[in-house]
Amino acid sequence: MARRFPVRVGRAPECELKLEDAGVWEQHAVLEFKPAMGFSLKSEPNALVRVNDLPVSEALLRNGDTIELGAVRIQFWLGAVRQTTLRLREALSWGVILAAIAGQVYILYWLLD
């Protein structure tokens, strides 16, 4: 699972995605996110990369694409977006707002009495 981009793929220790299967180079490919275009996969010079069984040097990826690097076969998928629940924070915020209003009403009542 990639959390930051670009993601380097290969055998080298500095690669974020380490693959030690046959045919995988030290620096085999780079996965990048380009906001205007989406996710792209770019192979290092002379490294063999296939996307959906077609050899590529660079390709835009879509959900379900199959990527082959040496003997490794990976399927590209974007995970479902999960929003964290904000109910407790929202309830606390409304509680603070209501307490502030109640405090102001009490002060106005006390001053006008």
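Which residue forms a salt bridge with Asp 53, and how far apart are the closest N and O atoms? The points below take this up along with the rest of the model.

1. The structure is a predicted model. Mean pLDDT for the protein chain is 91, with 98% of residues at 70 or more.

2. Asp 53 and its partner. The residue asked about is Arg 73, whose salt bridge with Asp 53 has its closest N and O atoms 3.6 Å apart. Asp 53, at 44%, is partly exposed. Glu 68 also belongs here: salt bridges with shared partners connect Asp 53, Glu 68 and Arg 73 in one network.

3. Glu 58 and Lys 34. A salt bridge is also found between Glu 58 and Lys 34, with 3.4 Å between the closest N and O atoms. It too links distant parts of the chain, since Glu 58 lies in strand S7 (residues 58–61) and Lys 34 in strand S3 (residues 29–34), 24 residues apart. Both ends are partly exposed: the relative accessible area is 41% for Glu 58 and 25% for Lys 34.

4. Glu 16 and Arg 8. The side chains of these two residues form a salt bridge with an N to O distance of 2.8 Å. Glu 16 has a relative accessible area of 46% and is partly exposed. Arg 8 is partly exposed as well, at 29%.

5. Salt-bridge total. Over the whole structure, the search returns 4 salt bridges. The pairs described above are among them: Glu 16 with Arg 8, Glu 58 with Lys 34, and Arg 73 with Asp 53. As background, side chains of opposite charge can pair when their charged atoms come close.

6. Helix H1. This helix covers residues 87–112, 26 residues in total. At 1.5 Å a residue it should span 38 Å, and the C-alpha atoms at its ends are 37 Å apart, so the two values agree. How many of the residues of H1 are buried? The number is 0, so the helix lies largely in the open.

Definitions and conventions
Residues are numbered from 1 along each chain as its sequence is written. This is a predicted model: local features need pLDDT of at least 70, side-chain atom pairs count only at pLDDT 80 or more; totals for chains, interfaces and linings use all residues. Side-chain values use heavy atoms; hydrogens and water are left out. Helices (H or I, at least four residues) and strands (E, at least two) are DSSP runs, numbered from the N terminus. The expected span of a helix is 1.5 Å times one less than its number of residues. Buried means under 20% relative accessible area, exposed over 50%, partly exposed in between (1.4 Å probe, protein chains only). pLDDT is the predictor's confidence in each residue, from 0 to 100.
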